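Here's a structure to walk through together. Have the sequence and the 3D view open as you read.

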Amino acid sequence: MDHTPDRERFPGPGFEPRPAHLGWRLLGLLYDLMPVVAIWIAVNAVAYLLNGAQRIAPGSLAAWLTFGSVVAATGAYAVASWRVGGHTLGMRPWRLQVRDRDGARPSTGRLCLRFVVATLGLAAFGLGLLWTLVDRERRGWHDIAAGTLVLRRPRPARGKAAAPG
């Protein structure tokens with residue numbers, strides 16, 4: 001049963017989003033490098049300070065904890081962005097939205113699963129994302145696992161305000 005408020009669904013009349021192809025997704029990922037790298041720098045700066053402003057030795061427990069913190073912070077950014085706005089900062093200029101099959105924003109749990117599978121798919125030489133080239137609905141492994149779609153909103157008509165979200 002769907003408990004998502006109507007305001008979280010796609011806007012009404014004339015709104016026909018289509019699945020985003022790989023090129024739009026890659027542009028979104030490229031744009032997302034800016035906030036993600038800033039997050040990585042901030043997490044590493046905190047780890048450095050917590051380590052007494054001393055270099056963290058590779059392979060040490062502190063290094064592994066820092067790596068886990070970087071992954072967790074990146075996941076928090078992605079999941080919170082998808083949950084609140086339906087997109088990350090990098091997806092917004094390209095009018096990309098993460099939605100479920102009913103057009104609603106997926107639950108936080110499904111978005112966490114999406115992030116974990118997307119990370120594994122990128123670690124597998126990008127095969128999880130390249131899967132969008134063979135899937136009829138242009139879904140990556142992460143979309144299939146979480147029951148999500150990445151849709152591209154149509155460009156708003158000239159002189160009209162863009163739809164929220």
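What follows looks at one helix and then at one strand with its partners. Keep in mind that this is a predicted model.

Let's start with helix 3, which covers residues 108-123. It has 16 residues, and from its first C-alpha to its last it reaches 23 Å, close to the 22 Å expected at 1.5 Å a residue. Which of its residues are buried? They are L111, R114, F115, V117, A118 and G121. These buried residues pack against quite a list of neighbours: helix 1 (22-50), helix 2 (61-85), helix 4 (127-130) and helix 5 (141-146), plus strand 2 (96-100) and strand 3 (148-152).

Five of the five residues in strand 3 are buried, so the rest of the structure largely encloses it. In a regular strand, side chains alternate between the two faces of the sheet. Here, T148, V150 and R152 point one way, while L149 and L151 point the other way, and all are buried.

So who pairs with strand 3? Strand 1 (residues 18-19) runs antiparallel to it and is joined to it by two bridges; there, P19 sits opposite L151. Strand 2 also pairs with strand 3 in the antiparallel sense, over five bridges. In that pairing, R99 has L149 of strand 3 as its bridge partner.

Notes:
Residues are numbered from 1 along each chain as its sequence is written. This is a predicted model: local features need pLDDT of at least 70, side-chain atom pairs count only at pLDDT 80 or more; totals for chains, interfaces and linings use all residues. Side-chain values use heavy atoms; hydrogens and water are left out. Helices (H or I, at least four residues) and strands (E, at least two) are DSSP runs, numbered from the N terminus. The expected span of a helix is 1.5 Å times one less than its number of residues. Buried means under 20% relative accessible area, exposed over 50%, partly exposed in between (1.4 Å probe, protein chains only). Contact means heavy atoms within 4.5 Å. Two strands pair if DSSP finds at least two bridges between them.
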